[in-house]
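Subject: Structure handover

Hi,

Here is the structure for you to take over. My notes on what turned up follow below.

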Amino acid sequence: MTGTQSEVEALRAALCELPDVSAQENLTPPGPGELYVPESHTRALSLDTTVVIGMRGSGKSVWTAALFDQPTRQRLVGSGGPKALENTVVRIGFSTDPHMGQHPDAETLEQLLAEGLEPRHIWRGLLARQLAEVCGMQAPFGRATEAARWAQADPEAFAELLAAASRELTRREQYLLLVFDSLDTIARGGWESVRALTRGALEVALACRPYPNIRLKFFLRPDMEEDGGIFGFRDSSKLLHNRVDLAWRPVDLYGLLFHLLANGAAGDVFAARAQQLTGESWEHAQGERRVPTVVRAGESLQWPLLEYLAGPYMGTNRRRGYTYTWITGHLADAHGRIAPRSLLLALREAAHRTHEKYADHTSPLHYEAIKHGVAEASETRVAELGREDYPWVTPLLSGLRGATVPLEVDDLRRHWSEEILQRVLEVSREKLPPRRFSSESEGRADIELLVDDLEELGVLYRTVEGRINIPDIFRVGFGIRRKGGVRPPRS
């Protein structure tokens, strides 16, 4: 089904205005029309979920900001979030926004470590300070540094304050939730400090388990969960018992897209057509138009909506692939994970390219423009990967530029020179290094270990024949070829 030319142009313009969900760097919450809670994320927001694991761009910082803001918490409940959030006071343990979050920054934390304070006492002090403020209790400290020193000097007084605050919260029928995010940036002095501070905060979370009205929540990267030093303390498994992966399934991603379009500049146009195609009513509630529940979770109702926006195929017929599965398939890493920002960037760029080159196309998006958008999303994803999280990946994948996958492990040995391997270790001194490769002594570290490290991150995978393949989301941005895949952009 195609719409009128004015309808197509309105929706194309709306797709051009999809939000630029770059890395969230502050605690400003998403607006009413931007807040979307996939069903699979509801458990992540539960007070009883201590550890939430999410790749870059999966929404860890977005959910931190949403939980921190009281009006947004109420909207979360109305959008399917846990009802207990209505009676929860949220404070921030650490984030990228110490000013709004009113928590110590990385420099202050490093100062306390340099003074010899144990990390768990630093976080005990921060928790005590927040509890005293929320519960209206007098405390023998003012600033965060004073609270940390007090907690280490007088552990009995901390225990008494914790118990008294728990009783007060119970009396009020309230909860206090302390949220930690962006812990990989918690110290400038290297990964050992990051590891120690994160472990200390987790130890405090474990100690608070007997107090049901006091909870801590940690949004962590996957590699932090795998780091044995972070969870290397007694009974840490209790914190991981109800861990949640902040995953986005294709139905979640397209549900987000439809939510943004329904609440965007062409919302009335999209909602009218969506109601016609799905047979479901797209109603307003709490100032926003809601995606019907059966559309949020049902591929069968999402397919016609996406076909209306982008056509059924990635070419003139089905041999080029179905648009619904092609887009998400080419944006996924080796574990099948997709960041919402990758989808929105790809479709936003596709809309711009369609406007520039295929303005008369009968759908808002042209399939060739979608391929261009996926290539743009790939370049952005690899830039984030190499610049922020895992700088050691860049020299490895750059060394494969021009190569064609799948390839053999022996092919990697030819591409990855000693100079490249040395660079891998040099650039990861201030970030988490390749876990297996860096743990071996010099001369024993083998490329097979690097393959295992990259496989753990979802950057590559082994085929059933044992060959090495790289998903398009990473392959395209590094100029690595694959027969039949999305073409790398011309440099």
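Setting aside residues up to four places away in sequence, Leu-47 touches Ala-84, Leu-85, Thr-88, Tyr-175, Leu-177 and Arg-215. Please keep in mind that this is a predicted model. Leu-47 is found in the loop that runs between α1 and β1 (51–53). Its relative accessibility is 9%, so Leu-47 counts as buried, the cut-off being under 20%.

Next, two helix pairs.

How do α7 and α8 cross? Helix α7 covers residues 144–153 and helix α8 covers residues 155–172. Their axes come within 5 Å and cross at roughly 105°. An angle of 65 to 115 degrees counts as roughly perpendicular, so α7 and α8 are roughly perpendicular to each other. On the α7 side, the contact is made by Trp-150, Ala-151, Gln-152 and Ala-153. On the α8 side, Pro-155, Ala-157, Phe-158 and Leu-161 make it. By class, that contact has 7 nonpolar residues, 1 polar residue and no charged residues.

The other pair is α15 (residues 299–310) with α16 (residues 323–331). These helices pack at an angle of about 90°, and their axes are 9 Å apart. They are therefore roughly perpendicular to each other. From α15, the contact uses Glu-299, Gln-302, Trp-303, Leu-306 and Ala-310. From α16 come Thr-323, Tyr-324, Thr-325 and Ile-327. The class count for α15 with α16 is 5 nonpolar, 3 polar and 1 charged.

More on α15 itself. Its 12 residues should span 16 Å at 1.5 Å a residue, and the end C-alpha atoms are 16 Å apart, so the two agree. The buried residues of α15 are Gln-302, Leu-305, Leu-306, Tyr-308, Leu-309 and Ala-310. What covers them includes α1, α12, α13 (267–278), α14 (293–297), α16 and α18. Gly-311 follows α15 and has a positive phi, near 80°.

Now α17, residues 340–357. With 18 residues at 1.5 Å each, α17 should span 26 Å; the end C-alpha atoms are 26 Å apart, which agrees. Among the buried residues of α17 are Pro-340, Arg-341, Ser-342 and Arg-348. Leu-343, Leu-344, Leu-345, Ala-346 and Leu-347 are buried too. What do the buried residues of α17 pack against? They pack against α1 (5–16), α12 (250–262), α16, α18 (367–389) and α24 (472–475).

Glu-384 is found in helix α18. Residues up to four places away in sequence aside, Glu-384 touches Arg-56, Arg-341 and Asp-389. Its relative accessible area is 10%, so Glu-384 is buried.

Last, the cysteines. How many disulfides are there? The count comes to 0. Cys-208 is in no disulfide: the nearest cysteine sulfur, that of Cys-135, is 12 Å away. A disulfide would need the two sulfurs within 2.5 Å. Cys-208 has a relative accessible area of 1%, so it is buried. Cys-16 counts as buried because its relative accessibility is 14%.

Over to you.

Best wishes

Definitions and conventions:
Residues numbered from 1 in each chain as written. Predicted model: local features only at pLDDT ≥ 70, side-chain atom pairs only at ≥ 80, totals over all residues. Heavy atoms only, no water. Axes fitted to C-alpha atoms, helices over the stretch in contact; angles between N-to-C directions. Helix = DSSP H or I, 4+ residues; strand = E, 2+ residues; numbered from the N terminus. Parallel < 35°, antiparallel > 145°, perpendicular 65-115°, else oblique. Contact = heavy atoms within 4.5 Å. Nonpolar A, V, L, I, M, F, W, Y, C, P; charged D, E, K, R; others polar. Expected span 1.5 Å × (residues − 1). Buried < 20%, exposed > 50% of the residue type's maximum accessible area, 1.4 Å probe, protein only.
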